[in-house]
Amino acid sequence: RVQRISISFLFFKMKFQIILILAILSTTISAGALPSDFVWGTATASYQVEGAWNIDGKGLSIWDTFTEYPGRIYNNETGRVADDFYHKYQTDIDNMKILGIKNLRLSLSWPRLLPNGTTDNVN
């Protein structure tokens with residue numbers, strides 16, 4: 001039997017795991033173990049962190065549509081709010097500064113940039 005786990009729990013768990021892994025790696029890797037030009041950083045996945053699913057001209061993504069059908073996702077959860085990086089980005093950036101994170105690969109959803117999927121309507 002497959003155990004279903006809520007999306008919000010998975011997002012929390014992933015964030016915690018990333019922070020834990022970074023903490024462990026930063027204390028266990030010796031200065032000579034990585035190339036001198038190696039740079040640590042973090043990354044996001046738009047659907048998991050962005051939120052604001054219908055704000056400021058964003059179009060619908062495949063996931064926005066898929067998660068609207070009952071039973072496809074445990075507890076019928078969606079990414080409508082997700083981590084709400086769209087509204088809480090300043091707090092997230094402040095937390096990254098506190099943690100000493102200097103590099104972020106930010107993922108933006110294509111439907112936020114190209115709401116109808118074509119370049120004739122760039123948001």
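**A predicted chain in questions and answers**

Modeller: The chain contains five helices and two strands, where helices (H or I, at least four residues) and strands (E, at least two) are DSSP runs numbered from the N terminus. This is a predicted model, in which local features need pLDDT of at least 70, side-chain atom pairs count only at pLDDT 80 or more, and totals for chains, interfaces and linings use all residues. Residues are numbered from 1 along each chain as its sequence is written, and side-chain values use heavy atoms, with hydrogens and water left out.

Colleague: What percentage of the 123 residues of the chain count as buried?

Modeller: Buried means under 20% relative accessible area, exposed means over 50%, and partly exposed is in between (1.4 Å probe, protein chains only). By that cut-off, the buried share of the 123 residues is 24%.

Colleague: How much of the accessible surface of the chain belongs to carbon and sulfur atoms?

Modeller: Areas come from the Shrake-Rupley method with a 1.4 Å probe, and for residues only the protein chains shown count as cover. The accessible surface of the chain is about 9,100 Å². The share of carbon and sulfur atoms in it is 61%.

Colleague: Of the contacts in the chain between residues at least 6 apart in sequence, what percentage join residues at least 24 apart?

Modeller: A contact means heavy atoms within 4.5 Å. Among contacts between residues at least 6 apart, those joining residues at least 24 apart make up 69%.

Colleague: Which residue meets Arg112 in a salt bridge?

Modeller: A salt bridge is a side-chain nitrogen of Lys or Arg within 4 Å of a carboxyl oxygen of Asp or Glu, and the structure holds three. For Arg112 the N to O distance is 2.9 Å. The partner of Arg112 is Glu50.

Colleague: How many residues apart are Arg112 and Glu50?

Modeller: The salt bridge between Arg112 and Glu50 links distant parts of the chain, with Arg112 in helix α5 (residues 110-113) and Glu50 in the loop between α2 (46-49) and α3 (62-66). Both Arg112 and Glu50 are buried. Their separation in residues is 62.

Colleague: Is Asp64 buried or exposed?

Modeller: Asp64 is found in helix α3. Its side chain forms a salt bridge with Lys58 (2.5 Å, N to O), and Lys58 has 13% relative accessibility and counts as buried. Because Asp64 has a relative accessible area of 7%, Asp64 is also classed as buried.

Colleague: Leaving aside neighbours within four places in sequence, which residues is Asp64 in contact with?

Modeller: Lys58 is one of the residues in contact with Asp64, and the two side chains meet in a salt bridge.

Colleague: At which residue does α4 bend?

Modeller: The end C-alpha atoms of α4, which has 15 residues, are only 17 Å apart, short of the 21 Å that a straight helix would reach. That expected span is 1.5 Å times one less than the number of residues. A bend is the angle between axes fitted to the seven residues ending at a residue and the seven starting there. In α4 the bend is about 35 degrees, at Thr91.

Colleague: What is the phi of Asp84?

Modeller: Most residues other than glycine have a negative phi. Asp84 lies in the loop between α3 and α4 and is buried, at 13% relative accessible area. Asp84 is not a glycine, yet its phi is positive, at about 60 degrees.

Colleague: How far apart are the C-alpha atoms of Ser109 and Leu60?

Modeller: Ser109 lies in the loop between β2 (104-105) and α5 and counts as buried at 8% relative accessibility. Leaving aside neighbours within four places, Ser109 is in contact with Ser46, Glu50 and Lys58. Ser109 and Leu60 are 49 residues apart along the chain, and their C-alpha atoms are separated by 9.7 Å.
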